[in-house]
Amino acid sequence: TLLPLPPHQMNSKGAGESEHEHDAREKDRVHILENAVVTWTKQIKNVLKQEPEALLKRSSKPGPQAELDFWTHKAENLNLIHLQLHGERIQKVMNVLEMTKSTYFPAFDRLCKEVIHARSEANDNLVFLRPAN
């Protein structure tokens, strides 16, 4: 799961730009970042809500390999999401949202903690489900 990054924009006030124009541009910038967080939230929640019980609905007799494949896929997704969430660009977005006291920040911060927990669970399940060599 790849989280799309918002366009990279300059933070400084432009030459000849009034304080009002600068403030309006900053509000627009925060709005763009908040929209990115909404998109990321939807993507992450779709991965988090995947449960192995869904295997029973898709197949009448899923075997051990189906569960191993499920946890492998979920762990890969969560590991990639975790890596992106801790990357420089997404951390910058989070810092801006925190500094501007965006209402989106606390909920997304909690979701990031859920990713850490779910990632740990998926990786632990893989360790226990993989056959010993």
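Which residues does L97 touch, not counting residues up to four places away in sequence?

1. **Contacts of L97.** This is a predicted model. In it, L97 touches V30, L33, E34, V37, S102 and F105, leaving aside residues up to four places away in sequence. L97 sits in helix α4, residues 88–99. Its relative accessible area is 0%, so L97 is buried. L78 lies 19 residues from L97 in sequence, and the two C-alpha atoms are 23 Å apart in space.

2. E34 belongs to helix α1, residues 19–48. E34 is buried but has no salt bridge. R29 is the nearest side chain of opposite charge, and R29 is 11 Å away. Beyond residues up to four places away in sequence, E34 touches L97, S102 and Y104.

3. **Overall fold.** The protein has five helices and zero strands. The order from the N terminus is α-α-α-α-α. The radius of gyration is 20 Å, whereas the globule rule gives 14 Å for 133 residues, so the protein is more spread out than a compact globule. Along the principal axes, the C-alpha atoms fill a box of roughly 70 × 30 × 20 Å.

4. **Burial and contacts.** Of the 133 residues, 32% count as buried. Take the contacts between residues at least 6 apart in sequence: 74% of them join residues at least 24 apart.

5. Side chains of opposite charge can pair when their charged atoms come close. The structure holds three salt bridges.

6. **The α1 pair.** E26 forms a salt bridge with R29, with the closest N and O atoms 3.0 Å apart. The two are three residues apart in helix α1, so about one helical turn separates E26 from R29. R29 counts as buried because its relative accessibility is 13%, under the 20% cut-off.

7. **The α4 pair.** K92 forms a salt bridge with E88, and their closest N and O atoms are 3.3 Å apart. They are four residues apart in helix α4, which means a separation of about one helical turn. K92 is partly exposed at 43% relative accessibility. E88 is exposed at 56%.

8. **The α5 pair.** D109 forms a salt bridge with K113, the closest N and O atoms being 3.3 Å apart. Both are in helix α5, residues 104–129, four residues apart, so they are separated by about one helical turn. D109 is partly exposed, at 26% relative accessible area. K113 counts as exposed at 52% relative accessibility.

How values were computed: Residues numbered from 1 in each chain as written. Predicted model: local features only at pLDDT ≥ 70, side-chain atom pairs only at ≥ 80, totals over all residues. Heavy atoms only, no water. Rg over C-alpha atoms; globule rule 2.2 N^0.38 Å. Buried < 20%, exposed > 50% of the residue type's maximum accessible area, 1.4 Å probe, protein only. Contact = heavy atoms within 4.5 Å. Lys, Arg positive; Asp, Glu negative; His and termini not counted. Salt bridge = Lys/Arg side-chain N within 4 Å of Asp/Glu carboxyl O.
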